[in-house]
Amino acid sequence: LGLDIGGTNVKAILLDGDGAPRARARWRTAALGEDIPTLLSSLETHIRDLLNREGLHARELGGLGLASAGLIDSELGRIVDAPNLRHWEGAPLASWLAERFPCPVALENDVNAMAYGEWRRGAGRGTRHLLCLALGTGVGGGLILDGRLYRGHRGLPAELGHISIDRGGRRCPCGARGCVEASAGARAIEASARRALARP
């Protein structure tokens with residue numbers, strides 16, 4: 001089971017043993033809760049509901065992969081810093097789910113996971129180097145260098161959305177001004193559209 005935790009939605013995909021999609025689900029991130037105990041409990045409930053819908057028991061899961069926006073401590077299985085997921089920061093996602101589902105559980109930055117997936121099974125298959133750019137609620141990047149996922153210092157190798165391109169630009173969710181995300185992220189584009197529509 002793979003989960004993509006984003007600022008707007010949590011998306012789930014259940015794969016069979018050959019990697020073929022078996023079922024999909026989507027839940028609004030905000031609806032999962034505003035505090036860590038509530039969101040963890042909600043996440044478990046949604047996972048069990050999806051398994052039940054497919055007639056599966058938790059012990060049949062071969063693995064549970066979590067991909068989240070933000071700075072991730074993969075060893076501790078926690079979100080350290082995520083401008084679009086502030087109330088998820090510090091949640092013991094990997095260890096908490098591992099206690100409830102008897103399978104390996106891993107947490108990775110969402111665009112790192114995307115880059116790795118494209119390198120192994122998608123557009124980057126057969127290459128040694130890959131740069132992946134993701135446009136969503138935020139703007140992220142992932143790197144494969146010499147056939148390995150590059151995490152860099154403290155897991156911040158390719159935060160392309162937080163490169164400042166305009167020092168006096170709009171405030172970004174990260175707190176800086178003029179980041180790529182402040183202009184090209186989904187929320188920024190929506191805000192620009194609303195401003196344009198409001199003009200006489």
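Predicted model: local features only at pLDDT ≥ 70, side-chain atom pairs only at ≥ 80, totals over all residues.
User: Which strands does helix 3 (residues 110-121) lie across, and at what angle does the helix run to strand 7?

Analyst: Axes are lines fitted to C-alpha atoms, for helices over the stretch in contact, and the angle between N-to-C directions runs from 0 to 180 degrees. Contact means heavy atoms within 4.5 Å. In this structure, helix 3 lies across strand 1, strand 4 and strand 7, at about 100 degrees to strand 7.

User: In what order do the 5 strands of the open sheet stand?

Analyst: Two strands pair if DSSP finds at least two bridges between them. The order in this sheet is 3-2-1-4-7, with mixed pairing. Strand 3 and strand 7 are the edge strands, each pairing on one side only. From one strand to the next the twist averages 15 degrees. Helix 1 packs on this sheet and touches strand 1, strand 2, strand 3 and strand 4, its direction making about 150 degrees with that of strand 3.

User: In what sense do strand 1 and strand 4 pair, and over how many bridges?

Analyst: Strand 1 and strand 4 are parallel, with 4 bridges; in this pairing glycine 2 stands opposite glycine 65. On to strand 7: strand 4 and strand 7 also run parallel and are joined by 5 bridges, with leucine 66 opposite leucine 107. As for side chains, in a regular strand they alternate between the two faces of the sheet.

User: How many of the 5 residues of strand 4 are buried?

Analyst: Buried means under 20% relative accessible area, exposed over 50%, and partly exposed in between, with a 1.4 Å probe and protein chains only. In strand 4, 4 of the 5 residues are buried, so this strand is largely enclosed by the rest of the structure.

User: Which residues touch the most other members of the largest nonpolar core?

Analyst: A nonpolar core is a set of buried Ala, Val, Leu, Ile, Met, Phe, Trp, Tyr and Cys residues joined through side-chain atoms within 4.5 Å. The largest one here has 36 residues, and Leu43 and Leu93 touch the most other members. The elements giving two or more residues to this core include strand 1 (2-5), strand 4 (64-68), helix 1 (36-53) and helix 2 (93-100). Helix 1 supplies the largest share, 6 residues. Leaving out residues up to four places away in sequence, leucine 93 touches Ile5, Leu40, Leu43, Leu66, Gly77, Ile79, Trp88 and Leu107. A second, separate core has 7 residues, among them Ala115, Trp119, Leu130 and Cys132.

User: Is glutamate 44 buried or exposed?

Analyst: Glutamate 44, in helix 1, has 16% relative accessibility and therefore counts as buried. Apart from neighbours within four places in sequence, glutamate 44 is in contact with Trp96, Arg100 and Phe101.

User: Is arginine 28 buried or exposed?

Analyst: Arginine 28, in strand 3, is exposed, with a relative accessible area of 53%. Beyond residues up to four places away in sequence, arginine 28 touches Thr8 and Asn9. Arginine 28 and threonine 8 are 20 residues apart in sequence, while their C-alpha atoms are 6.1 Å apart.

User: How many helices and strands does the protein chain have, and what is its radius of gyration?

Analyst: The chain has 5 helices and 10 strands. Its radius of gyration is 18 Å, close to the 16 Å from the globule rule for 200 residues, so the chain is as compact as a globular protein of that length. That radius is taken over C-alpha atoms, and the globule rule is 2.2 Å times the number of residues to the power 0.38. Buried residues make up 40% of the 200 residues.

Terms used: Residues numbered from 1 in each chain as written. Heavy atoms only, no water.
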